[in-house]
Amino acid sequence: MKTSIATVSISGEFPEKLAAIAKAGFTGVEIFENDFLTYDASPREVARMAADHGLDITLFQPFRDFEGMPEPHRARAFDRAQRKFDIMGELGTDLILICSNVSPISLGGIDRAAADFHELGDLAARHGVRVGYEALAWGRHVSDHRDAWEVVRRADHANVGIILDSFHTLSRKIDPNSIRSIPGDKIFIVQLADAPLFDMDLLYWSRHFRNMPGEGDLPVVDFMRAVAATGYTGPLSLEIFNDQFRGGSARALAEDGHRSLVYIMDQVRRLEPDIAITAPDMPDRIHAQGVEFVEFTTAAEDKDDLAALLSTLGFSRSARHRNRDVDLYTQGDIRIVINTDTDSDSFASASYSVHGTNAYAFGIKVENAADALKRAAALGAPTFAEPRQPGEAAVPAIQGVGNGVVYFLDDTPALSGIWNNEFVAVDTKSDTAASAGLTRIDHLAQTTRYDEMLTWLLFYTSIFSTRRTPMVDVVDPGGLVRSQAIESVPEPAFRLTMNGADSRKTFAGKFLAEGFGTSIQHIALATNDIFTTAKQLEARGFQALPISRNYYDDLEARFGLEPEFSDALRAASILYDRDDNGEYFQIYSRTFGEGFFFEIVERRGAYAGYGAMNAPFRIAAQRRLLRPEGMPKS
């Protein structure tokens, strides 16, 4: 599979872009003309830089306002083309992109455009280069790839072909299956981009909101299936215009881009098995069966506070690791691990030294852990391994959000037996009767910077068989936090919410700033009876997050609740939501450390959300309990 990306797609200076593109695994690069013009180096020097990075220059672009021009503009267009062909010779690329004309003085007519391209093809042949014609979605006379293909077909020149761009086709809701009738050898390059669905001017949408395939809402897989069906074997290239990306990490964006191409072609090869493009061989998307455990790292002197909080939640210390300073706390099917091995050179110790006490790792139950690791590695996820002691299983793992660790566990004897083989049970007779009725982990919530959200959403959705829920704006007095969930399909046994913060003034932003980076900020624990659980929590000394009375007065009026029901919610500090399919109940702990907290939830019926309407009230309550700025930690 030949992969390419336009230099305009990522941030940074020209040399930085080339280095990031090569490191991410691309084999080619499109040189966007402005990047070339603003960089003080000759075409030959740029060609040498690309070659030194092992990159082919797949395309030089764009060439604007060529076809259908009246004289003397037509002659000038041919003069400009000849100059660009000379530059291409020095750059070492043989393909230039010519986008459909947007000039108000241009003249329409398929035959007129075809005649111009036939003549240009003759000029290109003399220079040993090719020209590709692309239909801009906002082109003056040609805005549809079907018309662009007709121009190319009538031009009937070996050096003239079509360039297809998924955004231009899909933004205009053109059926991508119309591509299937184009001969694959007349498609000179394919450019891919996704985008969120907006109802706005096409040019503005294109210039500001494109993103990597799989990060938006356009049917890019359907587009690429149609391309692959033509027999096309050329490069798959990314052309992304995005305001957010322009200030992001060149390395991270390039990695996202390469992952997106691998991911999309894995989907295409499963749906179009006879394609000529060589797609990476990897296991199918992994079905996540649930969260097997969450692991905290902390110092021995801080452990008691975390253990005390778990105790108020009804957890019992049930086992201790045979070889390490690691304790296991359990309740229902929930496993919480506390790792105090901070005097070693372990990853847990390193995470604690950077972030303090934090939930740095979690395990996902899957059908085949080896396959999960193989797929993740094929998609560019860094694998993770630490030295094992005798008798310890080597658990397949990768590094994910915030450099945290994601472990894969399955039902093989080595992995399913970890809790019995590596841990020694401790006496919990006095504690087991005090369970609070918590049964499983409903979801994890990871907080990250907003400009990293697309990265991590793509990370999860490309590896696991999941779907994304619509993005929700959460109003915080310090600014907006954007939240989006992913859920395993067909059943949401695994749920994870990503919360993106722009400002450190928000509660989520404060957690990022004071915890020195992205991490799990809260864990939602499920119960089958939240009112009974609330009583059991109270009996164990649990301190629920106090919610204002005004919230309950409004809640009663909004949903038409019976006063007795509303009073019961208020008495237990339970927040409430419902939709057409069911109800949702939430209790929050007070914050721990730098802003971590637990959530206790009950879902009734087929309620599918996360209580988003309650988030501003939860945040307001948490902010009221925050340590004032400048006050030292106790």
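Colleague: I'm new to this one, so let's start with a proline: where does P72 lie?
Modeller: P72 is in the loop between β3 and α4 (73-91). Helices (H or I, at least four residues) and strands (E, at least two) are DSSP runs, numbered from the N terminus. The peptide bond leading from E71 into P72 is cis, with omega near 5 degrees.

Colleague: What should I know about the model itself?
Modeller: It's a predicted model, where local features need pLDDT of at least 70 and side-chain atom pairs count only at pLDDT 80 or more, while totals for chains, interfaces and linings use all residues. Residues are numbered from 1 along each chain as its sequence is written, and side-chain values use heavy atoms, with hydrogens and water left out.

Colleague: And which kind of peptide bond joins V489 to P490?
Modeller: That bond is cis, with omega near 10 degrees. You'll find P490 in the loop between β20 (479-488) and β21 (495-501).

Colleague: Why are α1 and α10 called oblique to each other?
Modeller: Helix α1 (residues 14-23) and helix α10 (residues 250-271) pack at about 40 degrees, with their axes 8 Å apart. Under 35 degrees would be roughly parallel, over 145 roughly antiparallel, 65 to 115 roughly perpendicular, and the rest is oblique. The angle of about 40 degrees therefore makes α1 and α10 oblique.

Colleague: Which residues make that contact?
Modeller: On α1 they're E16, A20 and I21, and on α10 they're A250, R251 and A254; contact means heavy atoms within 4.5 Å.

Colleague: How do you know whether V262 is buried or exposed?
Modeller: Buried means under 20% relative accessible area, exposed over 50%, and partly exposed in between (1.4 Å probe, protein chains only). V262 has 5%, so V262 is buried. This residue lies in helix α10. Leaving aside neighbours within four places in sequence, V262 touches M1, P280, M282, A378 and L379. G12, by contrast, is 24 Å from V262, C-alpha to C-alpha, and 250 residues away in sequence.

Colleague: What about D156 and its 61%?
Modeller: With 61% relative accessibility, D156 counts as exposed. It's in the loop between α6 (145-155) and β6 (160-165), and its phi is near 50 degrees, positive even though D156 is not a glycine.

Colleague: How is K173 classed, buried or exposed?
Modeller: K173 has a relative accessible area of 78%, so it's exposed. K173 isn't a glycine either, yet its phi is positive, about 60 degrees. Its place is in the loop between α7 (166-170) and β7 (187-192).

Colleague: How many aromatic pairs does a search of the whole structure find?
Modeller: The search gives 35. Rings of Phe, Tyr and Trp (its six-membered ring) pair if their centres lie within 6.5 Å; planes under 30 degrees apart are stacked, over 60 edge-to-face, and the rest tilted.

Colleague: What makes F36 and F60 an edge-to-face pair?
Modeller: Their ring centres are 6.1 Å apart and their planes are at 85 degrees, so the pair is edge-to-face. F36 is in helix α2 (residues 33-38) and F60 in strand β3 (residues 56-63), 24 residues apart. F36 is buried at 8%, and F60 is buried at 2%.

Colleague: And why are F117 and Y133 called tilted?
Modeller: The ring planes of F117 and Y133 are at 50 degrees, with centres 4.5 Å apart, so this pair is tilted. F117 is in helix α5 (residues 110-127) and Y133 in strand β5 (residues 130-134). Both F117 and Y133 are buried.

Key
Axes fitted to C-alpha atoms, helices over the stretch in contact; angles between N-to-C directions.
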